[in-house]
Amino acid sequence: MAAHPYVSAVLPILNTNITTTILAYPNMTQTTPILPDLPAFNDTPTAHRFLTNLTALKLTSLKRLRFNSTVQIVLQNTALIGIENHPMHLHGFNFYVLAQGFGNYDAATATSSFNLVNPQERNTLGVPVGGWAVIRFRANNPGGWFFHCHLEVHLPWGLGMAFSVENGGTP
Ligand SMILES: [Cu+2]
């Protein structure tokens, strides 16, 4: 577990016209901002306290799927931490990439852009930074299947879940 869990990669500068951070302190007498101390790189207890205080990441769940059902997943990558293309990898299946975009996914506008003719077939997809992707697969392989970010440092953050596909008939 990293003691600096906030960012695990060098961030791309997407728009050089935007200043990303300005810290202003009232009554400040010095010219450089006072930044909070980050834990030392080997300060695991502090990193663990930080991690366990992230309420959004406390659930790593199992989703039961009916055999042969069509499964559509919207992957939203507008996270506050780990701002990078998360390479989401699905075990047990290939999936189709129906659409990708930036900002928040909006079904009302995105559905019309789905590629239902010749979508990419993959088992891993880098979900765009600050964006989203929609994937679809058929749950025709019974068993327990891990779906997770392939950046291993993101697994203890909770970026993983599993599907349990029920038994079904044989071809
Ligand atoms: Cu990731």
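## A walk through the strands

Start by selecting Tyr96: its bridge partner in S7 is Arg136. Before you go on, keep in mind that this is a predicted model, in which local features need pLDDT of at least 70 and side-chain atom pairs count only at pLDDT 80 or more, while totals for chains, interfaces and linings use all residues. Residues are numbered from 1 along each chain as its sequence is written.

Stop 1: Now select residues 95-102, strand S4, together with residues 131-138, strand S7. These two strands run antiparallel and are joined by six bridges. Strands here are DSSP runs of E with at least two residues, helices are runs of H or I with at least four, and both are numbered from the N terminus. Two strands are taken to pair if DSSP finds at least two bridges between them.

Stop 2

**Stop 3: Phe102.** Stay in strand S4 and click on Phe102. Is Phe102 buried or exposed? Phe102 counts as exposed because it has 12 C-beta neighbours inside 10 Å. The scale calls a residue buried with 20 or more other C-beta atoms within 10 Å of its own, exposed with 12 or fewer, and partly exposed in between, with C-beta atoms placed from the backbone. Leaving aside neighbours within four places in sequence, Phe102 is in contact with Pro128, Gly130 and Gly131; contact means C-beta atoms, placed from the backbone, within 7 Å.

**Stop 4: around Phe147.** Select Phe147 in S8, which stands opposite Leu90 and also opposite Met161 in S9. Strand S8 (residues 143-149) is joined to strand S3 (residues 86-90) by three bridges, and six bridges join S8 to strand S9 (residues 160-165). Both pairings are antiparallel.

**Last stop: zoom out.** The protein has two helices and nine strands, running α-β-β-β-β-α-β-β-β-β-β from the N terminus on. Of its 171 residues, 15% count as buried.

Terms used. Contact = placed C-beta atoms within 7 Å.
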